Amino acid sequence: MFCSRIVLQCDIMAASLAQLIEEGWGDYTMQQEEGEKIPCEKAALGEDRGIIIMSPSWTQLLFQILLLLVCCRHINTKTSGATPSPLAPVPTVARSVVLKGESQNETIEVLNPIKLELECTWTGDQDKLPNITVYWMKDENEIENSRLTVQLENEPYNLKREFSIEKEENLGTYSCVFENVSKINFILAAPQIGDVREKPIVSYVGDYVVMTCKMEESKPKPSSWNWYKKNGTDEEQIFPAEEPRYKIKNEDEKTKLVVHNLTEADSGLYYCGAVYAIATTKSPVKLKVITYWEPLKPFLAILAEVIVLVAIILLCEKSQSKKDGATGNETNADQTYTLTEGENKDQEGNSSVRQRKV
Amino acid sequence: SVRRSSDDADGPDGSWGWVLVGALFVSTGLVFGLMRSLGIFFVEFVEYFEESAQTISWISSTGLAAQQFFSPLGTALCNAYNARMVVMAGGCLAGLGLILASQATCVLHLYLTMGLISGLGWGLVFTPMVATVMANFTRHRALALGLAFSGIGISSFAFNPLFQLLVEMYAWRGALLILGGLSLNIVPCGALIRPQRRSKARQKVGWTSRPYATYTLAIVLLNIGYFVPYFHLVAHGRQAGFSEYQAAFVMSAAGATDILGRVVSGWFSDMGHFRLIHLLSFWVALAGVFIMLLPVSSLSGSYAALVLISLLYGFSSGALTSLAFAAVPLIVGVERMMGALGLLQLLESATGLLGAPLSGRSTLGRCTVLCLHYRKSNLHRVSNYVCTVC
């Protein structure tokens, strides 16, 4: 029996698996979480095929294999985030740029491990020396053994080099430099999250908040999303399983983190991470938790202003009516509603609109 | 009935009338200017309550419908009691609705508070205040209205950045609370209305009154088409190849000339060279012409033509608004004006519901959906324009 690249999701409790290890299934690595479904992956995929070596106690093992098969479900692997799949040949991508001017930037979006062939074409300089030195740089450091001295013969010079981009450290800026002066920068990065919200998201103590991250439609979708909270200088990943206060809702191109029962301690910097095979790109989201007292302050100020205004208006009127009190009560009432017949006539000049005469 | 010549400040066209114009300016700004700027909250609601844009847009639709629906109630109460009490109560309700909305835990709460309660408050404020102002003027009626209604445009321009700031500082809950407080400023506006003794005779506007019925029909038809250009302008602008910024700028410019139109037409009409009714017909006809020219100009591909036509349309539509209200007392007489206005608003609300299928769902709802869309795509300036007009 052999195991291909299938991820088995097992409902076996940790204890049984531990037993399996002891009995000769040492090749398997596992991530054990208490009482949770345990993903078991054959880690030693470096070999062509993993072959389960039968342990001495055959029958015992067989029984446990059956147990495994009974409660496991076969699931096809997607090339999930962190697992490299060296069994499939790594694709080669070529990028070729002709240098115009002194310096140029070229952005390359990398999703999966690839072999990258970069080619720089330099048309040369007017007052050129016959011999020029060329070399490659990564992130401001010259790559060893890449320096060459070449002879230009009135035609553009091609400089090619192949790079193996497998891990996050391999991303960065690769530059081909001609004569210490002209260079082309190839900026390798996983797709970056475009719209970053700079202002903090505000919410209240006891309330909940929804934080979203979106990857632009034009960019490739990440295989999954993670959320992190900044704790001091570290970023801790948030696992909703551990803390039910957090909920993560993922869709292909966007993700939402919902935090319930907020406290002021929840304020701070959060990161959403778009997971690609090569790396996880992060984008910051700031959260600020305030108490109801904050908006209450301006509200009460406005309320006070309203009350004062109304009081002033009513008091002014009262004092004025007291003044007019001497002239009698009828003058108080404003009879603007009823108009005399004379006013009706000259209201709008020669209006011929039929009006109800009072 | 006696008209006192000694008490000029309180008589028609007296200085107290202009104080009331100021009060109307502030209160319509707090009613319609506020309603127009609610778009800023909708993005927050969509995210927080995880509902669709359509569901959220119904909040403002409910508010507007409630304002129009309860208008007759407001005017009836004014006739039965007095305008001051009604407007002050309306201000309290409008504020209360927003304050309660800040505590909402589901969208239904928002419908009931921001929609129904505040809408009821707005209904008790707008029409009574308009009627009161009109009652206080004879010669300068249209100008007074024009000046007061310019408050809507000006305040919605001011409220957009203000609301944005409030939401950034206090999130939507705190912002709504503060808005509730701001709305309470309607109460002192209402307090400025001097208590009046009214003739005890019941004031009923008869449906059978032919001028009124005709006029009502005209206004109803007008309302069907009134908002359509603002909504379609952006949609068609994009089809005609203009960027969203360009299209939204056009709307914003039309909004500015709208304000200008209101004031200018009011002033001009009061000069008395022409009869108000004739001027009203003129502006309506002009607005109609410009509406018809709008698709022509946008299809022609000339941005300058589109801007010009939109400016002219904005001006004429603003111009007709001031006169549309000022015409009511001419048709039904000042005494019945209160009730007539109320009924008119009610009918406008019915039109809104009926006209919805005609222009494809509630134009206000669609407008706010557009507003939301632009906010989501982070086109803040564009969305500010769109949300202002909506």
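Which residue of β13(A) stands opposite A:C120?

Mentor: The model is a predicted one. In it, the residue of β13(A) that stands opposite A:C120 is A:L159. β9(A) and β13(A) run antiparallel and are joined by nine bridges. On strand β9, which covers residues 114-122 of chain A, there is a second pairing: β7(A) and β9(A) pair in the parallel sense, over eight bridges. Two examples show how this second pairing is arranged. A:T92 has A:K115 of β9(A) as its bridge partner, and A:V93 stands opposite A:L116 in β9(A). In general, the strands of a sheet pair through backbone hydrogen bonds, and the pairing may be parallel or antiparallel.

Taken together, these strands of chain A form an open sheet of three, in the order β7-β9-β13, with mixed pairing. The edge strands are β7 (92-99) and β13 (157-165) of chain A, each of which pairs on one side only. From one strand to the next, the twist averages 15 degrees. How enclosed is β9(A) by the rest of the structure? It is largely enclosed, because seven of its nine residues are buried.

Side chains of opposite charge can pair when their charged atoms come close. Over all chains, the count of salt bridges comes to 14. One of them joins the side chains of A:R245 and A:D266, at 2.9 Å from N to O. This pair links distant parts of the chain, its members being 21 residues apart. A:R245 is in the loop between β19 (234-237) and β20 (246-250) of chain A, and A:D266 is in the loop between β21 (254-259) and β22 (268-275) of chain A.

Another salt bridge lies between A:E317 and B:R84, whose closest N and O atoms are 2.3 Å apart. This pair crosses between chains, from helix α3 (residues 293-324) of chain A, which holds A:E317, to helix α5 (residues 83-101) of chain B, which holds B:R84. Are these two residues buried or exposed? A relative accessible area under 20% is what buried means. A:E317, at 16% relative accessibility, therefore counts as buried, and B:R84 is buried with a relative accessible area of 9%.

A further example is found in chain B, where B:R262 and B:D258 form a salt bridge with their closest N and O atoms 2.6 Å apart. B:R262 and B:D258 are separated by about one helical turn, because they are four residues apart in helix α11 of chain B. Both of these residues are buried.

Together with B:L260, B:W267 and B:M271, B:V264 makes a nonpolar surface patch of about 370 Å².

Definitions and conventions. Residues numbered from 1 in each chain as written. Chains lettered and ligands numbered in written order. Predicted model: local features only at pLDDT ≥ 70, side-chain atom pairs only at ≥ 80, totals over all residues. Heavy atoms only, no water. Patch = residues over 30% accessible without salt bridge, like charges linked within 9 Å, V, L, I, M, F, W, Y side chains within 5 Å. Areas by Shrake-Rupley, 256 points an atom, 1.4 Å probe, with all protein chains shown as cover. Salt bridge = Lys/Arg side-chain N within 4 Å of Asp/Glu carboxyl O. Pairing = 2+ DSSP bridges. Helix = DSSP H or I, 4+ residues; strand = E, 2+ residues; numbered from the N terminus. Axes fitted to C-alpha atoms, helices over the stretch in contact; angles between N-to-C directions. Buried < 20%, exposed > 50% of the residue type's maximum accessible area, 1.4 Å probe, protein only.
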